[in-house]
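Here are a few notes to read alongside the model, for someone opening it for the first time. Take them in any order you like.

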Amino acid sequence: MLNKQQAKKLAPLLNNKEWPLMVEYLGELRELTIRGLATAQSESELRQLQGKLALLEMLLKLKSSHEAVIKNGN
């Protein structure tokens, strides 16, 4: 979860007109990662892909997390 100081640092990035393109790219990576999870050949590959998916989910939710911090002042 972001704190207010981190949210202020991220504001220029998240409010950039190019952010929707980044979200689209991250969504495509998410889909590829999910496909990889379905075909993982080893436990270590599965764990790696699970970590990647968790990070991608966090990045995809970054703007809404930012907005929540700004709105609630946390």
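1. Start with Arg30, which forms a salt bridge with Glu31; their closest N and O atoms are 3.0 Å apart. Keep in mind as you look that this is a predicted model. Arg30 is partly exposed, with a relative accessible area of 25%, and Glu31 is partly exposed as well, at 38%.

2. Arg30 has another partner: its side chain meets that of Glu57 in a salt bridge, 2.3 Å from N to O. This pair links distant parts of the chain, since Arg30 sits in helix H2 (residues 19–39) and Glu57 in helix H3 (residues 43–60), 27 residues apart. Glu57 is partly exposed, with a relative accessible area of 22%.

3. How many salt bridges does the structure hold? There are 3. Shared partners, meanwhile, join Arg30, Glu31 and Glu57 into one network of salt bridges.

4. Now for the inside. The largest nonpolar core has 7 residues: Leu2, Ala7, Leu10, Leu14, Trp19, Leu62 and Val69. As a general point, nonpolar side chains in soluble globular proteins tend to be buried together.

5. Setting aside residues up to four places away in sequence, Leu14 touches Trp19, Leu62, Lys63 and His66.

6. Is His66 buried or exposed? His66 counts as buried because its relative accessible area is 6%, and the cut-off for buried is under 20%. This histidine lies in helix H4. Beyond its neighbours within four places in sequence, His66 is in contact with Leu2, Ala7, Leu10, Ala11 and Leu14.

7. If you want a sense of distance, Leu13 and Leu32 are 19 residues apart in sequence and 24 Å apart in space, C-alpha to C-alpha.

Terms used:
Residues numbered from 1 in each chain as written. Predicted model: local features only at pLDDT ≥ 70, side-chain atom pairs only at ≥ 80, totals over all residues. Heavy atoms only, no water. Core = buried A, V, L, I, M, F, W, Y, C linked by side-chain atoms within 4.5 Å. Buried < 20%, exposed > 50% of the residue type's maximum accessible area, 1.4 Å probe, protein only. Contact = heavy atoms within 4.5 Å. Helix = DSSP H or I, 4+ residues; strand = E, 2+ residues; numbered from the N terminus. Salt bridge = Lys/Arg side-chain N within 4 Å of Asp/Glu carboxyl O.
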